[in-house]
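Trainee: Could you show me how to read a few local features in a model like this one?
Mentor: Gladly; let us look at it together.

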Amino acid sequence: MPVILGIESSCDETSASVCVDGVIMSNVIANQTIHEAYGGVVPELASRVHQQNIVPAVQQALLNAKVSKNDIDAVAFTRGPGLLGSLLVGVSFAKAFALAKQIPLIDINHMQAHILAHFIGDKNPSFPFLCLTVSGGHTQIVLVKDYFDMEIIGQTLDDAAGEAMDKTSKILGLPYPGGPLIDKYARQGNPDAYKFPEPQIPGYDFSFSGLKTSILYFIRDNVTTNPDFIRENMADICASVEKRIATILLNKLQKAAQAYGIKDIALAGGVSANTGLRLGLQAMAQKNGWNSFIPKMEYCTDNAAMIAIAGYHKYLKGEFIGQDVAPMARMAF
């Protein structure tokens with residue numbers, strides 16, 4: 001019964017998790033509020049807060065799981081992709097912990113871990129399956145053949161879906177982080193109130209830069225004629241933007257699913273917490289006869305449980321890494 005300690009510090013969440021024989025026993029996430037004043041994540045500040053949070057987060061994860069540091073059989077950590085300074089904190093802690101306890105190190109690709117979050121719990125997709133992975137920095141359609149045999153068949157050519165939501169929230173004057181607020185307002189609005197264009201990109205790739213520009217011009221033109229336009233129509237604007245982003249994502253996903261003949265379809269990444277996208281996938285799954293898989297909310301955003309479960313499957317394969325490992329801001333599958 002291997003006991004895996006998972007460490008996640010790729011951006012602005014410091015997280016620690018304990019996995020015992022493939023079961024997540026704890027998942028502690030320390031969020032950083034310091035970035036709210038700047039309207040986005042400040043890398044230097046993020047790494048400093050990680051330094052403050054990492055030891056308490058690990059200690060709490062051990063307490064919650066009712067295990068001691070002497071029970072840990074291996075340390076799994078996010079190696080990349082992410083902010084280099086933030087990654088360095090988690091990697092350094094993992095290396096020091098493993099060295100002190102003389103246990104193996106397991107490096108984890110953050111984006112693969114988002115996909116493997118679907119193996120937390122009992123309802124798991126069957127290989128091969130397609131996973132739409134959407135976050136602030138990534139938008140990908142991934143063909144998942146095995147736990148660590150994954151192929152990106154489509155990805156964004158410019159901005160990610162999460163970036164489009166964040167930029168929209170800034171245009172609307174919403175505080176950071178804007179994604180949850182757009183989701184909140186969208187629940188009260190009419191998704192068909194305004195029409196935004198859908199980029200015509202070949203294959204399974206995405207583009208959100210044009211959509212972002214069209215939203216900017218739409219708001220600018222309407223505020224020119226009515227200074228209160230945003231305040232009076234906030235819910236309808238958010239609902240319409242959310243619907244367009246969701247349809248861009250889901251239309252490509254449907255195209256890929258039909259081409260590959262795959263029925264198990266998954267959603268992962270921070271933007272998978274968006275209500276409109278979750279409901280859209282469920283509706284499309286019902287229409288197409290798919291089996292849809294969406295992680296629990298706590299496993300959508302960055303978290304160490306997904307690192308721990310990925311580490312567990314690497315542990316079973318005996319895939320460890322040495323103490324000379326270094327973080328990677330960019331990391332391919």
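Mentor: Asn274 caps the N-terminal end of H8, with a side-chain oxygen 3.1 Å from the backbone nitrogen of Gly276. A polar contact is a pair of N or O atoms within 3.5 Å; within protein, one must be able to donate a hydrogen and the other to accept it, and residues adjacent in sequence count only if both atoms are side-chain atoms. This is a predicted model, where local features need pLDDT of at least 70 and side-chain atom pairs pLDDT 80 or more, while totals for chains, interfaces and linings use all residues. Residues are numbered from 1 along each chain as its sequence is written, and side-chain values use heavy atoms, leaving out hydrogens and water.

Trainee: What span should H8 have at 1.5 Å a residue?
Mentor: Helices are DSSP runs (H or I, at least four residues), strands are runs of E (at least two), and both are numbered from the N terminus. The expected span is 1.5 Å times one less than the number of residues. For the 14 residues of H8 (residues 275-288) that gives 20 Å, and the end C-alpha atoms are 20 Å apart, which agrees. Just after H8, Gly289 has a positive phi of about 75 degrees.

Trainee: Which residues in H8 are buried?
Mentor: Buried means under 20% relative accessible area, exposed over 50%, partly exposed in between (1.4 Å probe, protein chains only). In H8 the buried residues include Gly276, Leu277, Met284 and Asn288. The buried residues of H8 pack against strand S6 (129-134), helix H7 (229-260), strand S9 (264-268) and strand S10 (291-293), where contact means heavy atoms within 4.5 Å.

Trainee: Is Ile219 buried or exposed?
Mentor: Ile219, in helix H6 (residues 209-225), is buried, with a relative accessible area of 4%. Not counting residues up to four places away in sequence, Ile219 touches Ile171, Leu172, Phe229, Ile230 and Ile237.

Trainee: Where are Asp21 and Gln102 found?
Mentor: Asp21 is in the loop between strand S2 (13-20) and strand S3 (23-31), and Gln102 in the loop between helix H2 (84-101) and strand S5 (105-109). Asp21 has a positive phi of about 55 degrees although it is not a glycine, and Gln102 likewise has a positive phi of about 55 degrees. Asp21 is partly exposed at 36% relative accessibility, whereas Gln102 is exposed at 66%.

Trainee: Which peptide bond is cis, with omega near -10 degrees?
Mentor: The bond from Phe127 to Pro128, and Pro128 lies in the loop between H3 and S6.
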